[in-house]
Amino acid sequence: MFYPTGRAIGLIALGAPIAAILAAIIPALWAIGAAWAAMLLLLLLLDGLIAAKARDVRLAIPQSAEIGAPMTLAAEASFSGLMVPQRIFGNLGVDHRLADSGKIEFALARIAGSAAFAGEATTIPGRRGTGEIGKFWLRWKGPLGLAWRQIVQPGAETVAVIPNIAAVRSPTVQMFLRDSVFGLMARKFRGEGSEFEALADYQPGMDRRSIDWKGSARHSKLLAKEYDTERNNQIVFALDCGSAMCEPIDGLPRIDRAVSAALLTAYVTLKSGDKTSLFSFAAKPELSTPFLSGSRNFFRLQQEAATIDYRHQESNYTLALSSLQNRLKRRSLIIIFTDFTDPTAADLMLEAAGRLIDKHLVLFVILEDQELRAIIDKAPESAEDVARSVTAQNLHNQKNLVISRLQHLGIDVIEGAHDEIGTRLINGYLKIKRRGAL
């Protein structure tokens, strides 16, 4: 199939005013306009017929991609005919998970010494789930540049958009895990745990409360007790996927930022020998994985996290946290990722969290609203800016009030920007491990 290019339409349209002018000057020449249009139509038809024909079109699509990370697609096409085109243009129809515009554009260049063309395109998936691949259009110009020739190839493939774990693969995190988790610096976990490990010579800087006075008296020198950090603890990552967590932060929904931070910390908990579980909720509890242990199960956690959906509904903290409490049979560390804007919902959350701390250790993780902070810090230039800044400050004050109430309950709260919250959460988890709070 082929159709006219912009050049062909422009040349055909140009013939009309020229024919009108000639007809006004010399009426006998009116037929020149019609002849001009007919000639261009014939050339357009000829251009489309002699243009190269696509012989083999292939599209390479990855099976999975991480949200917020570039995904590269490759296309190849070979042609038959004497008039090989100079450049090929393509469009791939995709759903909104893979591209906001619903399409990915390609530009294929000729491979030197052959009649084949190849090109790549990059997109950044913006939502988790299964991204569907639609039709693939290829088009190229004929040798005269008057006709576009086009083919359409149906698509039936899908791409699994999974949580982003780029932070887990970073050299900094790997070095940190090697040194602080695997035992190359084993003494890092000794001294503040709850399981007695051994007696060692007291060194300056050690906590004086660790001195074993009876042992020191028997051996006529100061000895201190060393403790080993407990393993096999239960760690639960509870992720709120309600409407507040679906709001974007720096281009991605809050829930996806939270999932990435949770998976980064889960990688550390699995490496540390603790049992780890994922739990998600909105209006009702949704995902609830069994407790997994060992780094071999990290991939399973990533796959389970990919199923956490976006729920545009109010979160029911009472139902969710009560269900979670009934599920847990022993003391656990519950790390809750959430956000709150409604004071009534915050009160219900505080009430539900207060019931958890009687038996479990609770840690709240809150992503800093950078857009709200920017509105507050911006110098106002109009009355509208002042009103916006006052509203933003009130929302900020309400959030700080809820955080203060959580801390008064004895609940630790970690708040930070999305690009640093994972590291801060890991440090908080290791601090809990070192002091043997579980």
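Is Asp250 buried, partly exposed or exposed, and what is its relative accessible area?

Modeller: Asp250 is exposed, because its relative accessible area is 60% and the cut-off for exposed is over 50%. Keep in mind that this is a predicted model. Asp250 sits in the loop between strand E14 (248-249) and strand E15 (252-253). Its backbone deserves a look too. Phi at Asp250 is positive, about 55°, although the residue is not a glycine. Most residues other than glycine have a negative phi.

Now step back to the chain. It has 438 residues, and buried ones make up 43% of them. The chain holds 12 helices and 20 strands. Take the contacts between residues at least 6 apart in sequence: 74% of them join residues at least 24 apart. The accessible surface is about 22300 Å², and carbon and sulfur atoms account for 55% of it.

Next, a sheet. Six strands form an open sheet with mixed pairing, in the order E17-E16-E13-E18-E19-E20. Strand E17 (285-288) and strand E20 (412-416) stand at the edges. Each has a single partner strand, so one side of each is left without a neighbour in the sheet. From one strand to the next, the twist averages 20°. Strands pair through backbone hydrogen bonds, either parallel or antiparallel. Look at the E17 edge. Strand E16 (residues 275-281) and E17 run antiparallel, joined by 2 bridges. There, Phe279 stands opposite Ser288 in E17.

A helix covers part of this sheet. Helix H12 (residues 421-434) packs on it. H12 touches strand E13 (234-240), strand E18 (332-337), strand E19 (361-367) and E20. The direction of H12 makes about 160° with that of E20.

Helix H11 (residues 383-408) contains Ser389. Ser389 counts as buried, because its relative accessibility is 16% and the limit for buried is under 20%. Leaving out residues up to four places away in sequence, Ser389 touches Ile375 and Ile376.

Ala38 is partly exposed, with a relative accessible area of 38%. Ala38 and Ile12 are 26 residues apart in sequence. Their C-alpha atoms are 8.8 Å apart in space.

Now the aromatic rings. The structure holds 7 aromatic pairs. One of them joins Phe106 and Phe136, with ring centres 5.5 Å apart. The planes meet at 70°, so this pair is edge-to-face. It links distant parts of the chain: Phe106 is in strand E6 (residues 103-110) and Phe136 in strand E8 (residues 129-141), 30 residues apart. Both Phe106 and Phe136 are buried. Elsewhere, ring pairs link Phe79, Phe117 and Trp140 into a cluster.

Finish at Tyr310. Arg127 lies over the face of the Tyr310 ring, at 3.9 Å from the ring centre. Arg128 also has its charged end over the ring of Tyr310, 4.9 Å from the centre.

How values were computed
Residues are numbered from 1 along each chain as its sequence is written. This is a predicted model: local features need pLDDT of at least 70, side-chain atom pairs count only at pLDDT 80 or more; totals for chains, interfaces and linings use all residues. Side-chain values use heavy atoms; hydrogens and water are left out. Helices (H or I, at least four residues) and strands (E, at least two) are DSSP runs, numbered from the N terminus. Buried means under 20% relative accessible area, exposed over 50%, partly exposed in between (1.4 Å probe, protein chains only). Contact means heavy atoms within 4.5 Å. Accessible areas come from the Shrake-Rupley method with a 1.4 Å probe; for residues, only the protein chains shown count as cover. Rings of Phe, Tyr and Trp (its six-membered ring) pair if their centres lie within 6.5 Å; planes under 30 degrees apart count as stacked, over 60 as edge-to-face and the rest as tilted. A charge sits over a ring if NZ of Lys or CZ of Arg is within 6 Å of the ring centre and within 35 degrees of the ring normal. Two strands pair if DSSP finds at least two bridges between them. Axes are lines fitted to C-alpha atoms, for helices over the stretch in contact, and angles run from 0 to 180 degrees between N-to-C directions.
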